[in-house]
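Let's take a walk through this structure together, one neighbourhood at a time. Have the sequence and the 3D view at hand as you read.

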Amino acid sequence: MSLFRAVATVGGFTLLSRITGFARDILIAGFLGAGTVADTFFVAFKFPNLFRRLFAEGAVAAAFVPLYSQTLEKEGAAEAHLFARRAFTVLGLVLAVFVGLMELAMPWAIYAFAPGFDAVPGKMELAEDLTRITFPYLLLISLCALLSGVLNSLGRFAAAAATPVLLNLVMMGGLLALHQYTATPGHALAIAVAAAGVIQLVWLIVACRRAGVRIHPVRPTLSPRIKLLGKRVIPVAFGAGLYQISLLVDTILASLVSDGAVSYLYYADRVNQLPLGVVGTAIGTALLPLLARQIAAGNTEAAHYNQNRAIEASLLFTIPAMSGLIVIAHPIVTALFQRGAFGPLEAAATSGALAAFAVGLPAFVLVKVLSPGFFAREDTKTPVWCAGAGMVVNVVLNLILMQVLGHVGIALATGLAAWVNGGALAIILHRRGHFAPDARLKSRLPRIMAASAVMAGAVWATNRWLVPELPVEGLAAGVPSIVALAALLAVGAGTFTVAAFAMGATSLSDIKGMIRPRRAAQPGE
């Protein structure tokens, strides 16, 4: 599979996951509302997911995939598959012990996580019950992350990318099927989360077998490679912890700015995360195993070529996305959120935050694209140091910009800090000789920027002409604003496509070359 096809596969399923996730949230809102049961379920759902972000998301992949790919390339499939089984077993045992201890400590853990629940009679106890049901999901989804790493290393991206969709579907089905038979709809959802973890794990085990890899528990063995895996997981998990701390600091500072500031940032970030998740996650997921295999085989020219093409593809999507989000932030927020208690003032405040977040969108994606350049070379520490530098810059800029721009300053600080993080990664890779922009990237970047500027101008002019013609009542009701947004997006996509081809930012031969699998890429192609 070519890099582009792998990115398209992961990106397509990621987009489907976001769509089904939105449908899931609508269904949950309808059954649970925003009261005690909803609060307790969201805590019960976030609690295992907090640790998943530390252990499963990124950490396992960044540490496991390069080692597995290296073993596969140098020692053959049998040794690589044995390493995968040992890692599966050790990871399962460690997390099983951790989950067991957390189940015993649940009353104190919930009190630390949501101390305010103690003020409402029965709320703390309900949160404990639901979290005890959901917390084993941590074990299951972490094992899924390891199996996904195996499949991605073998060029099988579809099954792993589809697992989040399964979670959303099972949660919706579980809520609809079980809510009449459980004490609360929250119990039905908690059971569905645990069941989804089992289904996801079985799904990936079957996918691995179809790929010729049988993953099952074996006798626990702390081989040198397993010990090395453990050492490399720790820095990435620490880096994920830094990111969570950064989010917490943003929330604390936003709560000091004004009433509603936390909500404005939340809604704006939800919109900004869509292109970030679809493009950044897809390219990072597809690139890591490809680089790891090529570097292990000594094919550094192909690795450099694919690193450049990944950066080119990410900028081709994110620079116009950044331009569009800045120019039409208000129509986007109005169409998506302005109804009911979310009025014009809330829309205006959220729009400002969205435009500020968008400033850092290309940088957020570049971080995901450049990090595999370190992970593939078995360096999991340097990205953590860069993330730490970005976090310090974020906090300093927050304290400065929030004084002038309020909650918009916090969003802008986040975007600027992402450029510090991405810039540091690029500079270090370049100094080590692991990355240098090739002639094609140097030629395409200014053309992408020019095409994005043309698109932004066309969308701005269309917005100026279109929106004033809509009745205010209809705009607030939602239907005309959605039609207007669809028109703006169509104008933006069409204008950028024409401008990009006209200016040479991309070409049909490039697209055909991306789709066609490439055995060995050569510089200058």
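At 16% relative accessibility, Arg 52 counts as buried, where buried means under 20% relative accessible area, exposed over 50%, and partly exposed in between (1.4 Å probe, protein chains only). Arg 52 sits in helix H2, residues 36-75; helices here are DSSP runs (H or I) of at least four residues, numbered from the N terminus. Its side chain makes a polar contact with the side chain of Asn 49, at 3.2 Å. A polar contact is a pair of N or O atoms within 3.5 Å; within protein, one must be able to donate a hydrogen and the other to accept it, and residues adjacent in sequence count only if both atoms are side-chain atoms.

A word on the source: this is a predicted model, in which local features need pLDDT of at least 70 and side-chain atom pairs count only at pLDDT 80 or more, while totals for chains, interfaces and linings use all residues. Residues are numbered from 1 along each chain as its sequence is written, and side-chain values use heavy atoms, with hydrogens and water left out.

Now turn to the salt bridges, of which the structure holds 7. A salt bridge is a side-chain nitrogen of Lys or Arg within 4 Å of a carboxyl oxygen of Asp or Glu. Arg 309, Glu 312, Asp 438, Arg 440 and Arg 444 are linked in a network of such bridges. Start with Arg 309 and Glu 312, whose side chains meet at 2.8 Å, N to O. Both lie in helix H11 (residues 300-327), 3 residues apart, which is about one turn of the helix. Arg 309 is buried because its relative accessibility is 7%, and Glu 312 is buried because its value is 3%.

Arg 309 also forms a salt bridge with Asp 438, with the closest N and O atoms 2.9 Å apart. Arg 309 belongs to helix H11 and Asp 438 to the loop between helix H16 (407-431) and helix H17 (439-466), so this pair ties together parts that are 129 residues apart in sequence. Asp 438 is buried, as is Arg 309. Glu 312 meets Arg 440 in a salt bridge as well, at 3.0 Å from N to O. That pair links distant parts of the chain, with Arg 440 in helix H17 and Glu 312 in helix H11, 128 residues apart. Arg 440 and Glu 312 are both buried.

Next, look at helix H4 (residues 106-113), where Met 106, Ala 109 and Ile 110 are buried. Why do they share the same side of H4? They cover an arc of only 95 degrees around the axis, which puts them there; the arc is that of the directions from the helix axis to the C-beta atoms. Trp 108 and Ala 112 are exposed on the other side of H4.

What about the cysteines? The structure holds 0 disulfides, a disulfide being a pair of cysteine sulfur atoms within 2.5 Å. Cys 144 is in none, and the nearest cysteine sulfur, that of Cys 208, is 9.8 Å away, too far for a bond. Cys 144 is buried, with a relative accessible area of 3%, and Cys 208 is buried at 0%.

Finally, Val 396 lies in helix H15, residues 382-405, and is partly exposed at 44% relative accessibility. Its C-alpha atom is separated by 8.4 Å from that of Ala 413, 17 residues apart along the chain.

Note on methods:
Helices (H or I, at least four residues) and strands (E, at least two) are DSSP runs, numbered from the N terminus.
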